[in-house]
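I opened this entry to record what I looked up in one model. The sequence and structure come first.

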Amino acid sequence: MRKEAAKREIKQERAARTRVEIMEAAITLFARRGILATTMAELAKAIRMTPGALYWHFPTKEDLLLATIEELHARYLREFEEILGELRKMTARQQFEAFYERTLQFLRYHREYGIFFAMVSAESAYTNDRVAEAIREKLGVYVAVMENIIRYGQTKTKEFRTDMDAHVTAHTIFGGFMGALLHQNLFRDSVTYDPMLTTLERLAADGITTKR
């Protein structure tokens with residue numbers, strides 16, 4: 001019985017590793033080519049797997065997309081865990097800058113993650129309701145954090161302007177960030193990541209800050 005249990009555990013670990021490898025390849029291909037232009041056959045080839053084996057792990061492209069969205073969301077959350085407690089000790093402006101900087105830093109080394117979300121968001125909005133809803137749910141978490149920071153600065157610390165709706169402003173800032181990722185990727189030979197995204201942060205932070 002113990003040997004059988006050990007074998008099952010080994011198989012489960014292998015299957016889990018294989019799923020991660022598949023999702024890593026999916027992130028890269030979907031970020032580069034989008035949903036419609038990427039086929040399961042291409043994914044299978046990218047990870048040296050037969051299409052049949054790929055379909056065993058993910059029966060449909062939609063299943064793969066949903067699992068990948070969930071996996072990336074978990075990675076984002078782990079990245080922000082360590083600063084959540086520190087944010088409460090900061091002013092609203094400091095919270096804004098810390099949250100933005102952590103996002104910028106994370107995507108500096110994993111830009112394909114942000115581009116994946118941007119590409120899949122754009123395509124799924126008109127082609128796949130389930131994927132679009134999954135994207136909205138996950139991105140909504142980050143937008144909500146930004147919205148709470150802005151609202152805190154408006155109502156508590158009085159650092160931020162009150163003539164701007166916190167909900168709309170948070171969506172605008174986050175949407176601008178995702179758009180900037182795609183734009184920088186397109187112009188990567190002439191515009192580098194850090195200066196462009198840092199400039200966007202300064203424009204956003206200064207734009208919502210109360211002038212004294």
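**Ground rules.** The model is predicted, so I kept local features only at pLDDT of at least 70 and side-chain atom pairs only at pLDDT 80 or more, while totals for chains, interfaces and linings use all residues. Residues are numbered from 1 along each chain as its sequence is written, and side-chain values use heavy atoms, with hydrogens and water left out.

**Overall.** I looked up the secondary structure and found 9 helices and 0 strands. Helices here are DSSP runs of H or I with at least four residues, strands are runs of E with at least two, and both are numbered from the N terminus. The C-alpha trace spans about 70 × 45 × 30 Å along its principal axes. Of the 212 residues, 41% count as buried (buried is under 20% relative accessible area, exposed over 50%, partly exposed in between, with a 1.4 Å probe and protein chains only). I also looked up contacts (heavy atoms within 4.5 Å): among those between residues at least 6 apart in sequence, 68% join residues at least 24 apart.

**Helix α5.** I noted 18 residues in α5 and a reach of 27 Å from first C-alpha to last, close to the 26 Å expected at 1.5 Å a residue. The expected span is 1.5 Å times one less than the number of residues. The buried residues of α5 include Phe96, Phe99, Tyr100, Arg102 and Thr103. The buried residues of α5 pack against α4 (61-87), α6 (111-127), α7 (129-155), α8 and α9 (193-208).

**α5 against α8.** I took the axes of α5 (residues 92-109) and α8 (residues 166-186) next: they come within 13 Å and cross at roughly 25 degrees. Axes are lines fitted to C-alpha atoms over the stretch in contact, and angles run from 0 to 180 degrees between N-to-C directions. The two helices are therefore roughly parallel to each other (under 35 degrees; over 145 is roughly antiparallel, 65 to 115 roughly perpendicular, the rest oblique). Phe96, Tyr100, Thr103, Leu104 and Leu107 of α5 make the contact with Ile173, Phe177 and Leu181 of α8. I sorted these residues into 7 nonpolar, 1 polar and no charged.

**His73.** I placed His73 in helix α4. Is His73 buried or exposed? His73 counts as buried because its relative accessibility is 9%. Leaving aside neighbours within four places in sequence, I found His73 in contact with Lys138, Val141 and Tyr142.

Technical notes: Ala, Val, Leu, Ile, Met, Phe, Trp, Tyr, Cys and Pro count as nonpolar, Asp, Glu, Lys and Arg as charged, and the others, Gly among them, as polar.
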